[in-house]
Amino acid sequence: MSPLLRRTPRKKPTERTVTLIGKPDCHLCEDAEAVIKEICGELGTPWEKKDITQDEELHRVYWEQIPVVLIDGEQHDFWRVDPKRLRAALGG
């Protein structure tokens, strides 16, 4: 079967990782964190927070987009986090 047509097993929400990239004193980052805490808490999905002021590479890549949400290292959202879209992306 062609690799393009082969289905890969879908990960469970508990097998995913959500990363919030933001900075201190950012109201959009605080809003995003609240959504992530709620959805990840409901689904049992681990999540982490990274600060662009502490990482030059993250700052260079994301400073105009924060907050940025990654799922398993791939960009999912930025600026505003839609709870329904996040839940669907995590398989919940």
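Visitor: Is Arg 87 buried, partly exposed or exposed, and what is its relative accessible area?
Guide: Happy to start there, with the reminder that this is a predicted model. Buried means under 20% relative accessible area and exposed means over 50%. Arg 87 falls in between, so it counts as partly exposed, with a relative accessible area of 24%.

Visitor: Which residue forms a salt bridge with Arg 87, and how far apart are the closest N and O atoms?
Guide: A salt bridge needs a side-chain nitrogen of Lys or Arg within 4 Å of a carboxyl oxygen of Asp or Glu. For Arg 87 the partner is Glu 42, and the closest N and O atoms are 2.3 Å apart.

Visitor: Which helices does that pair link, and how many residues apart are the two partners?
Guide: Glu 42 sits in helix 1, residues 27-43. Arg 87 belongs to helix 3, residues 83-90.

Visitor: At what angle do the axes of helix 1 and helix 3 cross?
Guide: Let's look at the two helices together. Helix 1 passes helix 3 in a right-handed crossing. Their axes come within 10 Å, and the crossing angle is roughly 35°.

Visitor: How many residues in the contact of helix 1 with helix 3 are nonpolar, and how many are charged?
Guide: On the helix 1 side, the contact has Val 35, Ile 36, Ile 39, Cys 40, Glu 42 and Leu 43. Helix 3 meets them with Pro 83, Leu 86, Arg 87 and Leu 90. No polar residues take part, and the contact divides into eight nonpolar and two charged.

Visitor: Which residues are linked with Asp 72 in a network of salt bridges?
Guide: Good one to trace on the model! Asp 72 forms a salt bridge with Lys 11, with the closest N and O atoms 3.6 Å apart. The side chains of Asp 72 and Arg 16 also meet in a salt bridge, at 2.6 Å from N to O. The residues in the network with Asp 72 are therefore Lys 11 and Arg 16.

Visitor: Which parts of the chain does the pair of Asp 72 and Arg 16 tie together, and how many residues apart are they in sequence?
Guide: Asp 72 lies in the loop between strand 3 and strand 4. Arg 16 lies in the segment before strand 1, so the pair ties together parts of the chain that are 56 residues apart in sequence.

Visitor: Are the planes of the aromatic pair Phe 78 and Trp 79 stacked or edge-to-face?
Guide: A pair of aromatic rings is described by the distance of the centres and the angle of the planes. The centres of Phe 78 and Trp 79 are 4.7 Å apart, with 65° between the planes. Planes over 60 degrees apart count as edge-to-face, so this pair is edge-to-face.

Visitor: In what order do the elements of the chain run from the N terminus on?
Guide: The chain has three helices and four strands. From the N terminus on, they run β-α-β-α-β-β-α.

Visitor: What share of the residues in the chain is buried?
Guide: The chain has 92 residues, and its C-alpha trace spans about 50 × 30 × 20 Å along its principal axes. The buried share of those residues is 35%.

Terms used
Residues numbered from 1 in each chain as written. Predicted model: local features only at pLDDT ≥ 70, side-chain atom pairs only at ≥ 80, totals over all residues. Heavy atoms only, no water. Buried < 20%, exposed > 50% of the residue type's maximum accessible area, 1.4 Å probe, protein only. Axes fitted to C-alpha atoms, helices over the stretch in contact; angles between N-to-C directions. Left-handed = near helix turned anticlockwise from the far one by under 90°. Contact = heavy atoms within 4.5 Å. Nonpolar A, V, L, I, M, F, W, Y, C, P; charged D, E, K, R; others polar. Phe/Tyr/Trp six-rings, centres within 6.5 Å; stacked < 30°, edge-to-face > 60°.
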